[in-house]
Every structure is written in C-alpha cells, then in structure tokens.
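Dear colleague,

Please find below the structure that I am handing over to you.

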Amino acid sequence: MNIFTADPTLAPYLALVLFGFLPSEIWRVIGVFVARRLDEESEVFLFVRSVATVLLVGVVVKIVLIPSHELATVPVWARCAAIGAAALAFFATRRSVFAAILAGEAVIVFSAWLAG
C-alpha cells in the first residue's frame with residue numbers, strides 16, 4: 001500500500017514535511033551542536049558577523065532607496081527619516097530591536113498619511 005494513495009489529501013502535507021521541513025531542520029540541529037564549540041570572539045566568527053551585518057545593511061539601503069510596490073509611494077525623505085527614527089529608538093532603548101521597528105513603522109505610516 002502506497003502512503004500517497006492511501007489518503008490523497010495528506011500527500012501535500014507529507015511532501016511538505018519530507019522535502020521542506022526535514023532537510024532544513026537537520027542543518028539546524030547540526031548547527032546547534034557545532035555552535036556549542038564556537039568561540040564568539042574568534043576571528044572567523046567576527047568575520048561572519050561582519051559579513052552578515054553588511055549584507056543586512058545593503059538590503060535595507062536597497063529597500064529605502066529603490067523601493068517597490070506600496071513603499072515606492074512614500075517619499076524618499078520619509079523613508080530616510082524612518083531609518084533615522086529607528087536608529088534613535090534602537091540606541092535610546094538600550095538596543096531594543098522591537099522599539100526600533102515600532103519607531104520606523106510609525107514614521108513611515110505617519111508620513112504616508114501626510115503624503116496622501
């Protein structure tokens with residue numbers, strides 16, 4: 001008896017688990033075991049952290065300067081002000097990412113409301 005023909009409504013879910021969840025979950029579990037032996041102050045770790053930070057900054061700059069869809073309707077000065085407000089909130093609240101996101105979103109929403 002084939003598992004996919006036993007109940008055809010379960011086949012997509014089984015495929016999702018087998019081909020979507022398990023392959024990535026294996027690497028996460030391996031990462032947990034490997035990360036236990038890493039020194040956070042090692043040069044390799046600092047390099048990887050620096051590269052990840054630079055990539056994130058690049059993505060944010062691309063989103064702010066070359067937006068798509070609805071964000072393109074918000075003026076560039078408002079998008080830059082949102083980045084500034086997020087940075088100020090981040091450092092004013094002892095590096096709270098949640099506060100930074102709220103401040104940036106508030107500036108974007110308010111400026112979009114002002115624009116039209």
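**The loop between α4 and α5**

R94 lies in the loop between α4 and α5; helices (H or I, at least four residues) and strands (E, at least two) are DSSP runs, numbered from the N terminus. This is a predicted model, in which local features need pLDDT of at least 70 and side-chain atom pairs count only at pLDDT 80 or more, while totals for chains, interfaces and linings use all residues. Residues are numbered from 1 along each chain as its sequence is written, and side-chain values use heavy atoms, with hydrogens and water left out.

The phi of R94 is near 55°, a positive value in a residue other than glycine. R94 is exposed, with a relative accessible area of 77% (buried means under 20% relative accessible area, exposed over 50%, partly exposed in between, with a 1.4 Å probe and protein chains only). R95 also lies in the loop between α4 and α5. R95 is not a glycine either, yet its phi is positive, at about 65°. With 60% relative accessibility, R95 counts as exposed.

**The packing of α4 with α5**

Two packed helices are described by the angle between their axes and the distance between the axes. For helix α4 (residues 76-92) and helix α5 (residues 97-115), the angle is about 155° and the axes are 7 Å apart. Here axes are lines fitted to C-alpha atoms, for helices over the stretch in contact, and angles run from 0 to 180 degrees between N-to-C directions. α4 and α5 are therefore roughly antiparallel to each other (angles under 35 degrees count as roughly parallel, over 145 as roughly antiparallel, 65 to 115 as roughly perpendicular and the rest as oblique).

On the α4 side, the contact is made by W77, A78, R79, A81, A82, A85, A86, A89 and F90. On the α5 side, V97, A99, A100, A103, G104, V107, I108 and S111 take part; contact means heavy atoms within 4.5 Å. By class, the residues of this contact of α4 with α5 are 14 nonpolar, two polar and one charged. In this scheme Ala, Val, Leu, Ile, Met, Phe, Trp, Tyr, Cys and Pro count as nonpolar, Asp, Glu, Lys and Arg as charged, and the others, Gly among them, as polar.

**The packing of α3 with α4**

Helix α3 (residues 43-65) and α4 have axes that come within 9 Å and cross at roughly 150°. That makes α3 roughly antiparallel to α4. In α3, V60, V64 and L65 meet V76, R79, C80 and I83 of α4. The contact of α3 with α4 has six nonpolar, no polar and one charged residues.

V59 lies in helix α3 as well. V59 is partly exposed, with a relative accessible area of 46%. Between V59 and W113 there are 25 Å in space, C-alpha to C-alpha, and the two are 54 residues apart in sequence.

**The chain as a whole**

The chain has five helices and zero strands. Its radius of gyration is 22 Å, well over the 13 Å that the globule rule gives for 116 residues, so the chain is more spread out than a compact globule (the radius is taken over C-alpha atoms, and the rule is 2.2 Å times the number of residues to the power 0.38). Taken along the principal axes, the C-alpha atoms fill a box of roughly 65 × 45 × 25 Å. Of the 116 residues, 14% count as buried.

With kind regards
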